[in-house]
Amino acid sequence: MSNPSILILPGDGIGPEVMTQVRRIIDWFGEKRGLVFDVSEDLVGGAAYDAHGTPLTDETMAKAQAVDAVLLGAVGGPKYDVLDFSVKPERGLLRLRKEMDLYANLRPAQCFDALADFSSLKTEVVSGLDIVIVRELTSGIYFGEPRGIIEEGNERVGINTQRYTESEIDRVARSAFELAMRRDKKLCSMEKANVMESGVLWRQVVTEVGKDYPEVELTHMYADAGAMQLTRWPKQFDVIVTDNLFGDMLSDLAAMLTGSLGMLPSASLGAPMANGRPKALYEPVHGSAPDIAGQGKANPIACILSFAMALRYSFDAGEEADRLEASIETVLAEGLRTPDLLGEEGVAPVTTEGMGDAILAALEASL
Ligand code: NAI
Ligand code: MG
């Protein structure tokens with residue numbers, strides 16, 4: 001059998017800087033854990049525009065469709081602000097998500113104990129927190145028709161439509177139940193069934209899918225109540241599944257419970273491929289951070305944690321993902337901090353590469 005394959009798309013700004021550290025970690029798993037990947041690398045975003053006049057070539061798109069997992073850094077930057085909308089760096093990322101049909105966006109909110117003080121919430125509320133929000137990513141109000149701004153009588157009317165088909169709800173619900181099965185077997189579905197018909201259907205379909213997962217304890221919550229519960233006592237949750245709009249807000253809210261943008265990974269999953277693995281794109285939540293690009297200040301942990309998610313969800317290597325996350329916990333406990341993780345007190349920060357070095361040393365020590 002051939003090795004599992006990864007396509008790396010570093011992108012722009014700090015994307016290539018953090019991805020350099022991820023590549024070292026991928027190589028380490030190959031050398032020390034026998035997890036050998038076929039790794040290829042290509043351009044996306046502004047970097048692809050500079051080379052080819054398009055933020056994603058057809059060849060790169062075809063490669064992304066063929067590999068087991070795509071790992072992306074970040075795209076965009078002020079240099080490209082003048083470009084026409086059709087060739088903006090972000091279009092490369094949107095094309096990947098759309099053509100790979102990545103409908104389940106997984107956003108973990110995981111609190112590393114060493115950073116619990118960093119949260120705006122009380123330490124006891126966030127320490128040990130480990131939840132995942134599954135956001136439907138390809139349908140709902142951001143895509144529904146009719147939409148637009150029309151004239152009605154003597155005023156303008158802005159229109160967007162929340163529309164969900166049964167099959168769209170079914171497939172994202174299945175992704176969430178599968179995830180819950182690998183975790184604490186607890187799933188909370190959030191919508192507004194009290195005021196939205198699409199929410200009534202959402203609740204019905206999720207309940208029906210739940211019959212295929214009798215081991216998972218399914219609960220339902222109105223999304224506004226969910227926002228309150230997430231800030232009051234987030235540890236009551238394990239996996240949350242919700243639609244595109246509520247998921248956009250709730251995943252940002254949940255992510256900030258744990259601190260810095262430089263720590264947040266994500267996965268976007270689609271339908272299972274012939275080999276049973278889901279189509280998958282892993283990327284940090286942050287952007288290309290032009291304000292710190294090229295200065296060795298970027299925190300590589302968000303991108304490294306995205307690779308840990310790939311180990312877990314694309315490569316059935318959950319124990320190795322645990323090892324990687326534990327190594328990150330270790331270096332944070334030792335006090336290593338990139339500038340974004342520094343509080344008031346004057347600890348000297350480490351560079352992007354310094355953080356990579358320390359994580360590799362912790363991995364080595366874990367053997
Ligand atoms: P951003 O996420 O790039 O940066 C926001 C702030 O967080 C900045 O102060 C930055 O220095 C800091 N930051 C972000 N990642 C960090 C890291 N790993 N370590 C330390 N500090 C970090 O968002 P912004 O500034 O709104 O956008 C910059 C560019 O990135 C724009 O062109 C935007 O379109 C693009 N972008 C791309 C995304 C993607 O590729 N998925 C997502 C968000 C923005
Ligand atoms: Mg958002």
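Here is a short chat about a few backbone features and the ligand shell of this predicted model.

User: Hi! Which residues does the cis peptide bond join?

Analyst: Hello! The cis bond links Glu 145 to Pro 146, and its omega is about 0°.

User: Thanks. And where does Pro 146 lie?

Analyst: Pro 146 belongs to strand β6, which covers residues 144–152.

User: Switching to phi angles: what is phi for Asp 101?

Analyst: Asp 101 has a positive phi of about 55°, although this residue is not a glycine.

User: Where is the place of Asp 101?

Analyst: You'll find Asp 101 in the loop between α4 (89–99) and β4 (104–110).

User: Why is Asp 101 called partly exposed?

Analyst: Because 14 other C-beta atoms lie within 10 Å, Asp 101 counts as partly exposed. A buried residue would need 20 or more, and an exposed one 12 or fewer.

User: Good to know. What about phi of Asp 316?

Analyst: Asp 316 is not a glycine either, and its phi is positive, near 50°. Asp 316 sits in the loop between α10 (301–313) and α11 (318–333).

User: How many other C-beta atoms are within 10 Å of Asp 316?

Analyst: There are 13 within 10 Å, so Asp 316 is partly exposed.

User: Now the ligand, please. How many residues surround ligand 1, and which are the closest?

Analyst: Ligand 1 is surrounded by 22 residues, and the closest are Gly 76, Gly 262, His 286, Gly 287 and Asn 299.

User: How do the residues of that shell divide?

Analyst: The shell around ligand 1 has 11 nonpolar, 7 polar and 4 charged residues.

Conventions:
Residues numbered from 1 in each chain as written. Chains lettered and ligands numbered in written order. Predicted model: local features only at pLDDT ≥ 70, side-chain atom pairs only at ≥ 80, totals over all residues. Helix = DSSP H or I, 4+ residues; strand = E, 2+ residues; numbered from the N terminus. Near = placed C-beta within 6 Å. Nonpolar A, V, L, I, M, F, W, Y, C, P; charged D, E, K, R; others polar.
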